[in-house]
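Keep the viewer open as you read.

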Amino acid sequence: MNFYQLCDDCLQNLAQIIDNQDTTSALEVDYLDGILKIIINNNKKTFIINRNAGNQKIWYSSPFSGADYFAYNPISMKWCNNQNLELSEKLIAELQNFLTK
């Protein structure tokens, strides 16, 4: 599977998981052309997660933790950052931390 397909599969899956878990409509989740945008409705803080073909990583921008990059590990079949934290775990933890306040 190529880089673009791996990214699209990951980001589409994230968008679907987050949208399904957002039972109170606290978030606006939009995935289009390799860019996942998540807006927190009450304060308009925005996450942007998209593919970066130049370095073959997924770029992650959070209003809480800043920028990060995630590389695909073909052995674990997960997107992990330099601290070995998986992309979906980081995103969901940050969203849950905000939404439970």
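A quick definition before anything else: buried means under 20% relative accessible area, exposed means over 50%, and partly exposed is in between, using a 1.4 Å probe and protein chains only. One thing to keep in mind is that this is a predicted model, where local features need pLDDT of at least 70, side-chain atom pairs count only at pLDDT 80 or more, and totals for chains, interfaces and linings use all residues. Residues are numbered from 1 along each chain as its sequence is written, and side-chain values use heavy atoms, with hydrogens and water left out.

Start at Ser62, which sits in strand β4; helices (H or I, at least four residues) and strands (E, at least two) are DSSP runs, numbered from the N terminus. Ser62 counts as buried because its relative accessibility is 6%. What does Ser62 touch, leaving aside residues up to four places away in sequence? The answer is Phe47 and Glu94, where contact means heavy atoms within 4.5 Å. With Glu94 there is also a side-chain to side-chain polar contact at 2.4 Å. That term covers a pair of N or O atoms within 3.5 Å; within protein, one must be able to donate a hydrogen and the other to accept it, and residues adjacent in sequence count only if both atoms are side-chain atoms.

Now for the nonpolar side. In soluble globular proteins, nonpolar side chains tend to be buried together. A nonpolar core here is a set of buried Ala, Val, Leu, Ile, Met, Phe, Trp, Tyr and Cys residues joined through side-chain atoms within 4.5 Å. The largest one has 23 residues, and Leu36, Ile38, Ile49, Ile58, Trp79, Leu87 and Leu91 touch the most other members. At least two residues of this core come from each of α1 (3–21), β1 (27–32), β2 (35–40), β3 (46–52), β4 (57–62) and α2 (87–99). The largest share, eight residues, is supplied by α1. For a closer look, pick Leu87: not counting residues up to four places away in sequence, Leu87 touches Cys10, Leu14, Ile49, Ile58, Tyr60, Phe70 and Trp79.

On to the charges. How many salt bridges does a search of the whole structure find? It finds three, each being a side-chain nitrogen of Lys or Arg within 4 Å of a carboxyl oxygen of Asp or Glu. Arg51 pairs with Asp8, with the closest N and O atoms 3.0 Å apart. Arg51 is partly exposed at 22% relative accessibility, while Asp33 is exposed at 64%. The remaining bridge joins Asp68 and Lys90, 2.9 Å between the closest N and O atoms. Asp68 is in strand β5 (residues 66–73) and Lys90 in helix α2, so this pair ties together parts 22 residues apart in sequence. Both Asp68 and Lys90 are buried. Through shared partners, salt bridges join Asp8, Asp33 and Arg51 into one network.

Last stop, the cysteines. The search turns up zero disulfides, a disulfide being a pair of cysteine sulfur atoms within 2.5 Å.
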